[in-house]
Amino acid sequence: MNNISIRLNADDQIRSALKEDIDSEDISTNSVMREFRLGEVELICKQDGIVAGLDVFKRVYTILDENIEATFTCKDGDAVKNGDVIGRIRGDIRVLLSGERTALNYLQRMSGIATYTHSVASMLKDTNTKLLDTRKTTPNMRLFEKYAVKVGGGHNHRYNLSDGILLKDNHINAAGGVKEAVAMARDYAPFVQKIEIEVESLDMLRDALEAGADIIMLDNMNVDDMREAVKLCAGKAVTECSGNVTSENISKLVDIGVDYISCGALTHSAPILDFSLKNLHAI
């Protein structure tokens with residue numbers, strides 16, 4: 001996922017967010033600004049972190065008025081510090097006011113995810129293990145949140161249910177067992193499609209390997225079992241560990257040797273990175 005993908009696919013979501021905030025008019029702005037007046041406002045960072053979502057921030061404004069100009073002193077992925085003026089937005093003051101909250105919501109949320117992801121990914125810096133996100137995203141925000149994970153140094157797992165096969169515990173129960181689930185998936189899916197399956201024990205792992213699963217997700221297993229699982233999978237399947245991974249406990253998983261660690265917290269628990277629009281003035 002990249003800036004091109006954001007630009008091609010984000011407009012519907014952004015328009016929906018704007019409609020949520022302005023369903024008929026911005027009565028506050030219209031009460032104090034009755035006609036066009038050119039103005040400028042500064043975009044100020046209020047916390048240290050990693051910025052993400054500048055194109056989305058700007059697009060909120062250009063959807064409202066294509067004549068809005070936004071210039072930034074940094075780019076997505078850059079480190080920013082509290083007090084930095086990272087941009088200036090110029091145009092109709094009415095638009096600067098009406099788009100403020102929606103634009104900031106996107107920037108704050110995406111930058112918060114990029115910042116948190118960066119902090120977690122840095123713990124894997126000297127390993128061969130890659131950090132993955134999950135589908136535990138805010139409804140209608142997945143496009144933006146998964147992009148922010150990549151900006152922060154993480155990697156994207158499947159985007160949605162059409163994007164890849166991942167057989168979890170309920171799929172296994174529905175199929176009647178690990179071997180049955182893998183066999184049914186292999187029969188249904190195109191031959192180029194990899195099959196990932198979630199296991200919770202070494203016995204389930206052995207069944208998954210015997211059935212020919214391509215990727216094994218080690219879900220909520222203890223550290224010793226995961227070490228043994230990695231040995232059993234060597235040369236046979238890619239390994240991924242999952243289960244309530246956060247910045248506080250990922251250090252316990254660093255030297256296990258799994259290929260991937262998936263972390264729902266990247267998107268469902270990251271705090272925002274605070275920004276504000278200040279010093280609005282006519283020009």
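Let me begin with Ile-216, which touches Ile-197, Val-199, Leu-205, Ala-208, Leu-209, Cys-233, Ala-237, Val-238, Thr-239 and Glu-240, leaving aside residues up to four places away in sequence; contact means heavy atoms within 4.5 Å. The model is predicted: local features need pLDDT of at least 70, side-chain atom pairs count only at pLDDT 80 or more, and totals for chains, interfaces and linings use all residues. Residues are numbered from 1 along each chain as its sequence is written, and side-chain values use heavy atoms, with hydrogens and water left out.

Ile-216, together with Ile-89 and Ile-197, has the most contacts inside the largest nonpolar core, which has 78 residues. Such a core is a set of buried Ala, Val, Leu, Ile, Met, Phe, Trp, Tyr and Cys residues joined through side-chain atoms within 4.5 Å, buried being under 20% relative accessible area, with a 1.4 Å probe and protein chains only. Helix H6 supplies the largest share of this core, 10 residues.

I turn now to the partner of H6. The axes of H2 (residues 11–21) and H6 (residues 100–121) come within 9 Å and cross at roughly 130°. The two helices are therefore oblique to each other, a class left over once angles under 35 degrees (roughly parallel), over 145 (roughly antiparallel) and 65 to 115 (roughly perpendicular) are set aside. In H2, Gln-13, Ile-14, Ala-17, Leu-18 and Asp-21 meet Arg-101, Thr-102 and Tyr-106 of H6.

Finally, the backbone. Asn-244, although not a glycine, has a positive phi of about 55°, and is found in the loop between strands S10 (238–242) and S11 (260–262). Asn-279, also not a glycine, has a positive phi of about 60° and belongs to strand S12 (residues 275–282).

Definitions and conventions
Axes are lines fitted to C-alpha atoms, for helices over the stretch in contact, and angles run from 0 to 180 degrees between N-to-C directions. Helices (H or I, at least four residues) and strands (E, at least two) are DSSP runs, numbered from the N terminus. Buried means under 20% relative accessible area, exposed over 50%, partly exposed in between (1.4 Å probe, protein chains only).
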